[in-house]
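Here are some exercises to work through with the model open beside you. Try each one yourself before you read the solution.

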Amino acid sequence: MKLIKQTHLVQDRGNSQRIHEIDLCELAAQEYVVNFRYGRSGRRMQEGSHTTSPVDRAQAEKIFRKAVKDKTKKGYYDPAAAQRPPVTRHARDRNIPKEEATRRHREKLLIRLRAGDARYPEWPLNRAIWRAGELAFKEAAPEILQYLLDPKSDALRRHVAIWALGRCESQSAVSAISTAFQNQREPAANRRMAGEALRSLLDGSDRQTLIDAELEQLPGSLQKLARRGPAQAVVEELERLSRARPRVHLETIYSAYFIDNEHTRPAVIDFCKTTSMDSDALWVLRALYKAAVFRFDGQIFGLLAHKFETSAVTRRFGGKTKNYYRWRTWRTLRRMGEEGHDEWIKMALGTLVPFSTADSRHGSFSSYWAFNHLLYHNSRVYRPDGSQSYFVNRQSLHQTGQSAYNEEAFPELWDKAPTALLHLIDESDLDLIHVFAVRALKRNTAFLSKIDDPAIAMLLGRPVEATAAFGLELFDKRGEAKAEDSDLFLALSDSIHQPAREAGWRLIDRFRAELGPRSDFWVALAFSRHQDTRQRLKNILKTIPPIGDTGRLLVGRLIARLIGESPDDAVISDVSELLLQPLGAQTSQLGLGVIRDLLDQTGSLYEELAGELLLANPTLSASVPSDVLAKLLAGSTESARAAGVALLGRLAPRDLAQRPELFFSLLTSAHPDLRAAVRPLVRQIVSVSSAFAALIGESLLEQLRYRDKDDIHTHLRQLLKTEFQEYMRDLDQKEVLKLLNSRFKEAQRLGTDLLETHVNPATLSLGQLIRLVNHESQKVRQWGCSFCEQQLPVLKDDMIKAVRLLDAKWDDSRERMIELFGERFDRTDLSPAILVSICDSVRPDVQQFGRSLITRFFDDRDGPEYLQKLSEHPSVDLQLFATNYLERFAADNVDRIKQLTPYFVSVLSKINTGRIAKARVLTFLEQQALNSRSIAEVVAPIFERQSVTMAVENKALMIEAMVRLRDKYPDLELPVSLKAFEARAAEVSDAV
């Protein structure tokens, strides 16, 4: 069997395609059959035949054509065909001319309106009324008016009747609609719709009166602004109102749209763009959307359609509501397109323009319903899914975004409005929209043959490759270029399309002589968004640099645009190179005002350019004002700061000495490069001006004493030791001690470096010696200890204060001082009070030293004093040490024992410590109490208290002591008593 011909047909069904293939095959000579296969794409095909037995070729061809025609009538099409057959809503009307079909539909609609609710339940009356409004079917207005006037009509019917009457431009309905508008019992939605209808039906003074009445309802602060502007003030006042009175604000937004003048409209647009769908404003957005559909306001309609499409589903803005408005947007556009409505282009433009690359979801726009229908309604490969939620790509070949046929909805309407396509290209940066618009424009050869130069320049300048390439095609067809076409040369050289830029460069080279005096032309090239175009300009100006007034004008305009537009860094860098190299000779006339303007801009490249311009201008650089220098030296980049230092270097050292404040700020700058760069200049100035050295040196010393970053402090210390060495040589001892006592390490290090040469030990007070001995620096502590050894008379003159040296917080200092006090001080220097004060130290090693000194210099005459003062110390070791003096200086002395009561209580109250001291005190007290009743009366309360409060470990000993005291002094009050034991006979139980 030989295949003669085959047709492959497809039919779109939701998410899938049905395939039908028809074959005409030759079985033998003059014997032919027609077979077919069908099924869903990707599944096993069912087979059949249109010929039960072979037929001749003519009959087979006839059967083949009929089979193809039958399938085409059912919606199948050949995907390889140049144009997909348009989808017909009603197959039964496909052969009827459009005008006749419209006439029949209106007749049926009028019959339906006259029938009321009694008949046609499958065609609801409200929908028929709404459809009449969509068609602007004026003949139906009397019938619709009756439904508005009918008292039996519910709110919904009155609403659709008002809408339809407004659309039908029924002047006879003005009175009834006015009544509904003024009726406070009418639902708010109906009154708003009545207002829209009146706004449409009235004209002239009547319409203005209606709007003025709405103006009077605005809050007082807005009335004047809504009448006279400016628009920005209206926006700001509404924002303030939204914070103060949110509910009034929402009502006012709708009123602002009803007024809709040049002052209130920007506020409504801002509201539509910025308001969240998950807010109380949802009802206002819905009301604005409905009003925009009624007015055919493409901008507001498109903004809100975009918001409904792109906003996420929330609690308030549910999925059903979102889908309703998505589908309604396309339904509105589709019905207007089917009717060929004059306002369709405006509404379609409004729907497409708000979309941008920011709306891409994972690189796709497939979920935007109206957007995709407008662009791909007739596409063979990009079709809606079965759930009517998004579009799906049927063929991977469509990924290029190109097609050879009209994919968009209603291409015939776009063909009638080529200027709208240009507007769409100008307003949108989305490549999908550009591909469609360019394809549609290319069909309109008559319009393109008359397209003007500004339109071509606009196409060349758009940021989409396909559009810029199309602009180049149109430019090539427009005829011979002339020097007067400089605007087109600029558009070509700044185009995103590389071949267009190359064409622009060729034309600029060709007409270079004629374009030479045009400084504005060269400025525009200098600010091109493409680096290769800017580089071409550099090469041109390096070859033939402009001179005279042209050059000066070019320099002025370049700087003015730099300051006025704040371009990106790459452009600033290239323009700066132009100014400094090919135009360098022309910058000598620049004044300080230009330099200050550059330094006032935000950005490091402006600072660097200002510095380079100053360096290149001998006149200005010879006497740079301090404020200009300060800004350069405080620049954000090392290059700018280096330029400032270079400018400083051009001044004489004595002139520089007159700017101490400037140099102090440089030497303490946060930038290491600036601090390092300025040091050679400082050395020059210091060598010729001692006053400068003294002033800056004093300021640097003061700065060193305050908190700052460690690297700056390190720098200041090195600076003072080197560049300011002469100043530091004469530094007062008081200042060195201030450095030593500073909280900051670098200041202390500088003081340490100066200690040996600048401090005289003989002039130091005892307090100063103590601070040195306690210094954080080991070197300083060593010097302090040496100074103390040299100044013994100073220490001996104030021993009470001198013993503080022994309490130094550093171990090495304490060891040196203990050694000094132990070897260089004798009994005459160390009185009992001094020795006790040494023992009062909190440091164990100092206490031990104090005890050794007491033992070493002990005199019986001082025993009571030692006992009394040592007993007052809380240290366990000193309390134990004091027990050595109890027998000698407290025995049999009731008054002294009474004075020592706190000491006894303290020792006996120790828990798990001072065991020996407690035993000694307990033994001493018991013996003294047994020896003397008067002492027993003092000791008894101590024993009583301790027996109740002390730890268990000595409680038995305490009780035993009290028992012995009771035996000796039966009448002494003690918390113990003796009881005789009762003897009992053992109990014997009877044995069973």
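**Exercise 1: a pocket and its lining**

How do the residues of the lining of the second largest pocket divide into nonpolar, polar and charged?

Solution. Keep in mind that this is a predicted model.
- Start with the space itself: the second largest pocket holds about 600 Å³.
- Next, find the lining, which has 21 residues; Phe181, Arg191, Glu214, Gln217 and Ser255 are the ones nearest the pocket's centre.
- Then look at where the lining comes from: helices H6 (174-182), H7 (188-201), H8 (204-216) and H11 (246-259) each give two or more residues. H11 gives the most, with six residues.
- Finally, sort the lining by type: ten residues are nonpolar, seven are polar and four are charged.

**Exercise 2: H2 against H4**

Work out whether helix H2 and helix H4 are roughly parallel or roughly antiparallel, and find the residues that meet.

Solution. 
- Locate the pair: H2 covers residues 98-115 and H4 covers residues 141-149, and their axes come within 10 Å.
- Read off the angle, which is roughly 25°.
- An angle under 35 degrees counts as roughly parallel, so H2 and H4 are roughly parallel to each other.
- For the handedness, H2 passes H4 in a left-handed crossing.
- Now pick out the contact: on the H2 side you'll find Leu110, Leu113 and Arg114, and on the H4 side Glu143, Ile144 and Tyr147. Sorted by type, the residues of this contact are four nonpolar, no polar and two charged.

**Exercise 3: H29 against H30**

Solution. 
- H29 (residues 548-565) and H30 (residues 569-580) pack at about 155°, and their axes are 11 Å apart.
- Over 145 degrees counts as roughly antiparallel, so that is how H29 and H30 lie to each other.
- The crossing of H29 and H30 is left-handed.
- H29 brings Val555, Leu558, Ile559 and Leu562 to the contact, while H30 brings Ile572, Val575 and Leu579.
- Sort them, and you get seven nonpolar, no polar and no charged residues.

**Exercise 4: H49 against H50**

Find how helix H49 lies relative to helix H50, and list the residues in the contact.

Solution. 
- The axes of H49 (residues 832-839) and H50 (residues 844-856) are 7 Å apart, at an angle of about 155°.
- That angle makes H49 roughly antiparallel to H50.
- H49 passes H50 in a left-handed crossing.
- From H49, the contact takes Leu835, Ile838 and Cys839; from H50, it takes Val846, Gln847, Phe849, Gly850, Arg851, Leu853 and Ile854.
- By type, the contact has seven nonpolar residues, two polar and one charged.

How values were computed:
Residues are numbered from 1 along each chain as its sequence is written. This is a predicted model: local features need pLDDT of at least 70, side-chain atom pairs count only at pLDDT 80 or more; totals for chains, interfaces and linings use all residues. Side-chain values use heavy atoms; hydrogens and water are left out. Axes are lines fitted to C-alpha atoms, for helices over the stretch in contact, and angles run from 0 to 180 degrees between N-to-C directions. Helices (H or I, at least four residues) and strands (E, at least two) are DSSP runs, numbered from the N terminus. Angles under 35 degrees count as roughly parallel, over 145 as roughly antiparallel, 65 to 115 as roughly perpendicular and the rest as oblique. A crossing is left-handed if the near helix is turned anticlockwise from the far one by less than a right angle, and right-handed if clockwise. Contact means heavy atoms within 4.5 Å. Ala, Val, Leu, Ile, Met, Phe, Trp, Tyr, Cys and Pro count as nonpolar, Asp, Glu, Lys and Arg as charged, and the others, Gly among them, as polar. On a 1 Å grid over the protein atoms alone, a cavity is a set of points where a 1.4 Å probe fits but cannot get out, and a pocket is an open set with protein on both sides within 12 Å along at least five of seven lines; lining residues have an atom within 4 Å of a point. Grid points are joined across faces, edges and corners, and a volume is the space filled by probe spheres set on the points.
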